[in-house]
Amino acid sequence: MPKQEFPFPMPNGWFCVTRVDDIQNGESKLFTFCEKEVVAFRTESGKVSVMDAYCGYSGINLAISGKVDGETINSPKHGIKWNIDGSCAEIGKDSGVPKEAMEVTTFSYPCQELNGFIWAWHHLLKEEPYFEIPAIDGFNGEDSKWGKEHHYEYHINTVLQEIAENDVDQAHFPKVHGSPSLPETEAIIDGIYRKTIAETLMNPNNDSVSEEFHVADPSMFTTTFTRESWGLGCVGLHMVNLPIDETTFGGEFIMINASCPVDNKNSTLRWSMRVTKDIEDELGMAIIDGIANGVLDDMPIWDHKSYVAQPILCDGDGPINKFRKWVSQFYSDPLQAR
Ligand SMILES: [Fe+2]
């Protein structure tokens, strides 16, 4: 059987371009976002824009050859300045470029800064955003309860659907990660939103946790593990009731998985994780390190996986099929794309 490539186009939704602090005022950077080269830049006053990297007039790559100039980005050869919304702000006086060029635009993606990330909206048919991602408690400046924020970035050789589908595959947790499976409740689905809740038995020193973060008391404990998805780009995870000591419970763990489809074979995941200060010294770091390392077990599988269009499941309408039905809403018909 030859390897089947993933058959769907770039998905629609909010996806992460980079972290908020990756782009300082006056700075611009090149990214591949949903199969397109884009320039993400911050104006001198701090506004963020994500635009097609190629100047709408000359085709010059603005991320490589352009420069932020005040509230615009400047394409060097003709002195054309682009506003953050992709409209033309100014044409160089002696450039010889006709005035009509003022009508030209460079495509600007709807974008926002939230939860520590810069998000851009991708829609295959260039439709406007039709959903929002929420501000997640603990990632928008509330520091009194929460400990240090830990950041991770992964370049994965597969698409977001395959990565997300992995979480639905209960059987892989013990087999691939050596961890207890997550016996989830039925997913709660509301349009683009999907939520699962699992009462999970955890081993604090599981196989993914580095030796240096092993806890002194490795007793198993149970936590309620909630996962919420807003489309394919933003996942929030929350664990509660974590043990603070032998008799006290109530520690919490939060995480955001901010994802970006790079192209039809590559994705970038950016993770932020945090625990409450009451478990930060020991158990919190074991949890964070274990989750950060756990994904490394999946990566060799994703590197070589073939897409199976109709997996044979024990139960004909198993969670993978339900997941695929939910995810199908994020793909437009490529034949309709301009
Ligand atoms: Fe996994």
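In which loop is Lys126 found? Lys126 is found in the loop between β11 and β12, the latter covering residues 150-156. Please keep in mind that everything I describe today belongs to a predicted model.

Two further remarks on Lys126 are in order. Its phi is near 60°, a positive value in a residue other than glycine.

Let me now turn to the protein as a whole. Its secondary structure comes to five helices and 18 strands. The C-alpha trace spans about 75 × 50 × 35 Å along the principal axes. For 338 residues, a compact globule would have a radius of gyration near 20 Å, and the 22 Å of this protein agrees with that. Of the 338 residues, 34% are buried. Among contacts with a separation of 6 or more, 56% are accounted for by residues 24 or more positions apart.

The next topic is the division into domains. Domain 1 takes in residues 13-122, and domain 2 takes in residues 150-330. Their C-alpha centres lie 34 Å apart. The contact between them takes 13 residues from domain 1 and 14 residues from domain 2. On the side of domain 1 that touches domain 2, β1 and β2 each supply at least two residues. The strand that gives the most to this side is β1, with six residues. By class, the side of domain 1 has seven nonpolar, four polar and two charged residues.

I continue with β1, which also belongs to a sheet. This open sheet consists of three strands in the order β1-β11-β10, with antiparallel pairing. The edge strands are β1, residues 13-19, and β10, residues 111-114, and each of them pairs on one side only. On average, neighbouring strands of the sheet are turned by 35° against each other, direction ignored. Between β10 and β11, the latter spanning residues 117-122, there are four bridges, and the two strands run antiparallel. Within this part of the model, Glu113 stands opposite Ile118 in β11.

How many of the seven residues of β3 are buried? Five of them are, and this strand, residues 36-42, is therefore described as mostly covered. On one side of the account, β2 and β3 pair in the antiparallel sense over six bridges, and Ser28 stands opposite Phe41 in β3. These two strands form a hairpin with two residues between them, and Cys34 in the turn has a positive phi of about 50°.

Glu35 lies in the loop between β2 and β3 as well. Its phi is near 70°, again a positive value in a residue other than glycine. Glu35 counts as partly exposed, because it has 14 C-beta neighbours inside 10 Å.

Strand β3 also pairs with β4, residues 48-52: five bridges join the two, which run antiparallel. The bridge partner of Ala40 in β4 is Val50. Here too there is a hairpin, with five residues between β3 and β4, and Gly46 in its turn has a positive phi of about 105°.

How values were computed: Residues are numbered from 1 along each chain as its sequence is written. This is a predicted model: local features need pLDDT of at least 70, side-chain atom pairs count only at pLDDT 80 or more; totals for chains, interfaces and linings use all residues. The radius of gyration is taken over C-alpha atoms; the globule rule is 2.2 Å times the number of residues to the power 0.38. A residue is buried if 20 or more other C-beta atoms lie within 10 Å of its own, exposed if 12 or fewer, and partly exposed in between; C-beta atoms are placed from the backbone. Two residues are in contact if their C-beta atoms, placed from the backbone, lie within 7 Å. Two strands pair if DSSP finds at least two bridges between them. Axes are lines fitted to C-alpha atoms, for helices over the stretch in contact, and angles run from 0 to 180 degrees between N-to-C directions. Domain bounds come from an automatic or database domain assignment. Ala, Val, Leu, Ile, Met, Phe, Trp, Tyr, Cys and Pro count as nonpolar, Asp, Glu, Lys and Arg as charged, and the others, Gly among them, as polar.
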